[in-house]
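This briefing covers the ligand site, the domains and a set of individual residues. Please look at the sequence and structure below first.

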Amino acid sequence: MSDTADAQEDAQGTLANLMRENRRYDPPKDMAANANVTADAYDEAAADRLAFWEKQAQRLDWDTPWETALEWESPYSKWFVGGKLNASVNCVDRHVAAGNGEKIAYHWVGEPDGDTRDITYAELKDMVCQAANAFTELGVQKGDRIAIYMPMIPETVVTMLACARLGAPHTVVFGGFSADALKSRTLDCDAHVVVTADGGYRRGAASALKPAVDEAVTGTDVRTVLVVRRTGQDVEWTDGRDVWWHDVVDRQSTDHTAEAHDAEHPLYVMYTSGTTAKPKGILHTTGGYLTQVAYTHWAVFDLKADTDIFWTAADIGWVTGHSYIVYGPLANGATSVLYEGTPDTPHKGRWWDIVEKYKVTILYTAPTTIRTFMKWGEAVPEGHDLSSLRLIGSVGEPINPEAYIWYRHFIGGDRCPVVDTWWQTETGGMMISPLPGVTAGKPGAAMKPLPGISCEVVDEAGNAVPDGGGGYLVLTEPWPGMLRGIWGDDERFRETYWSRYPGVYFAGDGAKKDEDGDLWLLGRVDDVMNVSGHRISTTEVESALVSHQKVAEAAVVGATDPTTGQGIVAFVIPRGDGEGTSGEEFAQELRNHVAKEIGPIAKPRQILVVAELPKTRSGKIMRRLLRDVAENRQLGDVTTLQDSSVMDLISAKLPSAAREE
Ligand code: WT7
């Protein structure tokens, strides 16, 4: 065996490289000819990475220029040191000042039919200034954290930008999360102000938000709850704490002089799942983050700000919404679509109505949604004129080649390149992606690190695997949008990302390099599930299950799911004599409990009541074996089990397992 074959075998032991995919799609000729970015960008960045990023930082307006591009004391980075800027001014005011005030920033589309609003940059600037003045009146000061729990309405963007303007970091909590989830996040970052709405529209009905806030802020230091009236539904009111947006914001002046903040001033905290129960507050700062999201939004989407209509169909409550609905597109002065509701309200062609009406040119969404559209059938998009689209993107999880081909064909009309963009809450912006005017796309591959980004695929020992091998993805050089830490938990920051391979960032994803050296992402290697493109920790769901009075122990795994990527399968051991713990009713009770503790997204697809869980001698649950059961596979090696007979008992349970459709 040759050395390479040897190394390859080792690497494949780390993670198998099984799939072969030979389809290739060259960039369309006219796109290649007019592309924002050409292949030289890779060489330019490789020749001098910091100079490359300094050039990209020039996309922004700086009140004080930086002195040093990067100060790096692993794992702590400071970018554009000494520079000062205001993110809100960069996203809004400067476009108005440049004479683009009448340009549309957002075509906002509410879920109820006909409920739309076009917002120009000038209007957005006025609204942001009013909100900033209102926050100041409410006592908000630079550095205070503000929690945002809202539907997808213009005020959500306005609130984020007003926070950025004042230097008050925001933490947006996804509106689908429960009161408990909102409470733990509010407490963790010690927010004293929460901005919310009475409710929002979802699936054709008004869905309340305020009651969850009322529950969440009880017993915390939250002193102000600012409430947007969106649905008009009844709300409970706590005088002295609750204030209506229309009472306090609308009467403010539309002038507000923004202070320039340090490049490293905190911009926001975004909570994401880790392998332990407590979500991690990922901290992003101002100058580097804004540079990376502006550059990647321009480069990867080949953005022509004057003509494109850009649509990230994601929720602002996730990092995708922060970077590619709010900060990236606005920094670039783009026109975006902002849609409040679900894809099937009032009918399954809603998105395609929107694409057709606004002549959307660039669409960015997640594989889970694409697979849902596949399930609904091509007849739905086929009834629409989608010819305005010129580029389509994917994010959140590996896109299977079949979904890629479907997306390219039925949505992209075989003319739009698909950009499969790999990144994380922690990376702030895109890291690995094709460039639409440069790269010949391969269905399922994220291809290459973007210019200025450095990564590698390594084996257990930290050695780079050869082409054709698989292993773990690491990021080998600091990048401008990188997380600056975990809010209030420095040790966890070092431990989670920087301890496995000293000096490099461990992403927690498996990856392979194909024979051409192109990158394929293979999903999480830790105990984090990926449900509909959202990371959910097994531990969090287990903790939620165990907090139910009838549950003694629980183990949760992600099992392959044709629509959501992974579905949650839970194994629970009941307490005491187990009375009332069999059947669908109990399973439903537990699902509802998890929905209450975390949110509906974390509801187990399947719940199995078992007598024992497979554990190692040291008591660690062997989720690998439970995954085998959940995916109906032959069991893997059981020799390290404390008691190997438990697996027989568990497997015997499967056919009767309760399953939610
Ligand atoms: C995890 C990060 C990035 C915003 C949405 C998710 C998976 C993300 C891809 C992709 C394969 C992907 C990874 C990553 N992921 N994009 N294009 N191909 N996997 O943000 O919740 O922080 O999740 O999503 O597993 O680690 P997140």
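Which atom of the ligand is 2.7 Å from an N or O atom in the side chain of arginine 524? An oxygen atom of the ligand sits at that distance from the arginine 524 side chain. On its own the ligand has 560 Å² of accessible area, and the protein covers 96% of that. The model is predicted, and the points below are grouped by topic.

**Ligand site**

- The ligand is surrounded by 18 residues, and the closest are Asp420, Thr421, Thr425, Arg524 and Arg535.
- Threonine 421 places a backbone N or O atom 2.8 Å from a nitrogen atom of the ligand.
- Glycine 396 likewise has a backbone N or O atom at 3.1 Å from a nitrogen atom of the ligand.
- By residue class, the shell around the ligand holds six nonpolar, seven polar and five charged residues.
- At least two shell residues come from helix H12 (319–331), and at least two come from strand S25 (519–524).
- Both domain 1 (29–513) and domain 2 (528–659) contribute to the shell, each with at least three residues.

**Domains**

- The domain assignment divides the protein into domain 1 (29–513) and domain 2 (528–659).
- The contact involves 24 residues from domain 1 and 22 residues from domain 2.
- Taken over C-alpha atoms, the centres of domain 1 and domain 2 are 32 Å apart.

**Buried residues**

- Serine 88 is part of helix H5 (residues 87–100).
- Serine 88 counts as buried because its relative accessibility is 0%, and the cut-off for buried is under 20%.
- Beyond its neighbours within four places in sequence, serine 88 contacts Asp93, Val128, Leu161, Ala164 and Arg165.
- Tryptophan 245 belongs to helix H10 (residues 245–248).
- With a relative accessible area of 7%, tryptophan 245 is also buried.
- Residues up to four places away in sequence not counted, tryptophan 245 touches Ala131, Glu155, Val158, Thr159, Val195, Leu226, Val227, Val228 and Asp250.
- One of these, valine 227, is 18 residues from tryptophan 245 in sequence, and the two C-alpha atoms are 5.4 Å apart.
- Glycine 349 is in the loop between strand S17 (335–339) and helix H13 (350–358).
- The relative accessible area of glycine 349 is 3%, so this residue is buried.
- Outside the four places on either side in sequence, glycine 349 is in contact with Val380 and His384.
- Glycine 349 and phenylalanine 373 are 24 residues apart along the chain, with 9.3 Å between their C-alpha atoms.

**An exposed residue**

- Aspartate 577 is found in the loop between strand S29 (565–574) and helix H19 (583–597).
- Aspartate 577 is exposed because its relative accessible area is 67%, where exposed means over 50%.
- The C-alpha atom of aspartate 577 is 54 Å from that of glycine 139, and 438 residues separate the two along the chain.

**Backbone geometry**

- Most residues other than glycine have a negative phi, and most peptide bonds are trans.
- Serine 74 and proline 75 are joined by a cis peptide bond, with omega about 0 degrees.
- Proline 75 lies in the loop between strand S1 (68–73) and strand S2 (76–81).
- Another cis peptide bond runs from threonine 345 to proline 346, where omega is near 0 degrees.
- Proline 346 is in the loop between S17 and H13, and glycine 349 lies in the loop between those two elements.
- Aspartate 414 is a residue other than glycine with a positive phi, near 60 degrees.
- The loop that holds aspartate 414 runs between helix H16 (401–411) and strand S20 (418–420).
- Aspartate 414 counts as partly exposed, at 40% relative accessibility.
- Serine 532, again a residue other than glycine, has a positive phi near 50 degrees.
- Serine 532 is in the loop between strand S26 (528–531) and strand S27 (534–537).
- At 21% relative accessibility, serine 532 is partly exposed.

Definitions and conventions:
Residues numbered from 1 in each chain as written. Predicted model: local features only at pLDDT ≥ 70, side-chain atom pairs only at ≥ 80, totals over all residues. Heavy atoms only, no water. Near = heavy atom within 4 Å. Polar contact = N/O pair within 3.5 Å; in protein donor to acceptor, adjacent residues only side chain to side chain. Areas by Shrake-Rupley, 256 points an atom, 1.4 Å probe, with all protein chains shown as cover. Helix = DSSP H or I, 4+ residues; strand = E, 2+ residues; numbered from the N terminus. Nonpolar A, V, L, I, M, F, W, Y, C, P; charged D, E, K, R; others polar. Domains from an automatic or database assignment. Buried < 20%, exposed > 50% of the residue type's maximum accessible area, 1.4 Å probe, protein only. Contact = heavy atoms within 4.5 Å.
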